[in-house]
Amino acid sequence: MLMVHDLVAGYGEVQVLKGVHIHVPKGSVVSLIGSNGAGKTTTMRAVSGMLKPRAGKVVLDGKDIAGLESHEIAARGLAHSPEGRRVFPTLSVRDNLKLGAYTRFARRRARGDIEADLDRAMELFPRLRDRSAQAAGTLSGGEQQMLAIARATMMNPQMLLLDEPSMGLAPILVDEVFAIISRLRAQHVTMLLVEQFAAAALAVSDYGYVLESGRVAVEGPAFELANNDKVRAAYLGGGAAH
Ligand code: ATP
């Protein structure tokens with residue numbers, strides 16, 4: 001589904017990614033873990049086209065998408081829910097969700113049944129159903145985070161990049177976010193996940209990569225990483241496994 005080869009990317013003079021390799025097979029969930037500043041968010045940005053890679057390949061479904069504009073990459077079925085809450089504050093919750101389906105129109109794909117997709121999103125995120133007419137900017141921070149994830153799922157993505165979906169959420173909402181990820185996984189949505197709660201992330205993943213200073217330092221099946229003493233000591237102190 002997604003193959004990242006020798007990805008090099010950075011900002012100005014700073015080279016952040018120094019040749020990253022990642023493979024996300026169709027239907028699997030893969031976690032990127034690593035210390036602050038290791039390059040996790042930069043990897044997500046370079047994959048989704050928010051940042052132009054300087055070298056390397058990003059192959060989605062057999063096509064090299066490195067260097068394409070982010071809207072072109074989105075139209076190929078890759079949805080990115082970036083770090084931080086990005087909702088349209090003056091639009092209603094419902095309209096924010098409908099905008100998530102926009103790339104389907106842009107690509108003249110079969111429209112499918114947007115209303116049915118809305119119902120499905122509301123089922124996954126019942127809090128949003130009660131607030132569907134409310135302006136998104138008046139939701140609580142946690143609810144806005146949920147809306148940002150729900151909107152990414154409205155794209156009916158082939159692949160979903162989730163960057164710190166639990167950031168800034170109260171513990172009960174963190175549990176809810178992981179429950180949602182598990183449900184999406186059960187629906188075979190392919191996901192690349194970055195999470196501060198690395199142990200919880202590995203618990204819902206098939207495979208994991210540890211990034212250190214812009215390179216993959218360790219990789220392996222998620223349960224192996226979760227039980228690897230070095231990985232545990234360095235990265236898994238921050239959150240309990242679910
Ligand atoms: P964290 O866990 O703290 O979110 P991360 O692994 O996601 O870390 P990145 O956000 O990818 O790390 O950042 C990697 C490096 O790139 C950091 O040193 C950061 O300061 C730098 N960086 C990130 N965004 C920018 C930017 N827009 N301009 C310049 N430098 C940046």
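Mentor: Helices, of at least four residues, and strands, of at least two, are DSSP runs numbered from the N terminus. In this predicted model, the protein has 11 helices and 10 strands.

Trainee: Why is Met-159 called buried?

Mentor: The term applies under 20% relative accessible area. Met-159 has a relative accessible area of 0%, and is therefore buried. Buried residues make up 51% of the 242 residues in the protein.

Trainee: Where does Met-159 lie, and which residues is it in contact with, leaving aside neighbours within four places in sequence?

Mentor: Met-159 belongs to strand S7, residues 159-163. Contact requires heavy atoms within 4.5 Å, and beyond those neighbours Met-159 is in contact with residues including Met-1, Val-24, Leu-60, Leu-78 and Met-191. Leu-60 is 99 residues away from Met-159 along the chain, yet their C-alpha atoms are separated by 9.1 Å.

Trainee: How many contacts in the protein join residues at least 24 apart, among those between residues at least 6 apart in sequence?

Mentor: The share is 66%.

Trainee: What makes a set of residues a nonpolar core?

Mentor: The members must be buried residues of nonpolar kinds, such as Leu, Ile, Met and Phe, joined through side-chain atoms within 4.5 Å. The largest such core here has 39 residues, and Leu-97, Phe-125, Leu-147, Leu-160, Ile-181 and Met-191 touch the most other members. Among the elements giving two or more residues to this core are helix H3 (93-100), helix H7 (141-153), S7 and strand S8 (190-194). Helix H8 gives the most, with 7 residues. Apart from this core lies another, of 28 residues, among them Ala-9, Leu-17, Met-44 and Val-47. In soluble globular proteins, nonpolar side chains tend to be buried together.

Trainee: Which residues does Leu-160 touch, not counting those up to four places away in sequence?

Mentor: Leu-160 touches Ala-79, Ala-152, Thr-153, Leu-184, Val-189, Thr-190, Met-191 and Leu-192.

Trainee: What is the accessible surface of the protein, and how many Å apart are the mean positions of its positive and negative charges?

Mentor: The accessible surface comes to about 11000 Å², of which 50% belongs to carbon and sulfur atoms. The mean positions of the 28 positive and 25 negative charges are 4 Å apart.

Definitions and conventions:
Residues numbered from 1 in each chain as written. Predicted model: local features only at pLDDT ≥ 70, side-chain atom pairs only at ≥ 80, totals over all residues. Heavy atoms only, no water. Buried < 20%, exposed > 50% of the residue type's maximum accessible area, 1.4 Å probe, protein only. Areas by Shrake-Rupley, 256 points an atom, 1.4 Å probe, with all protein chains shown as cover. Lys, Arg positive; Asp, Glu negative; His and termini not counted. Charge placed at Lys NZ, Arg CZ, Asp CG, Glu CD.
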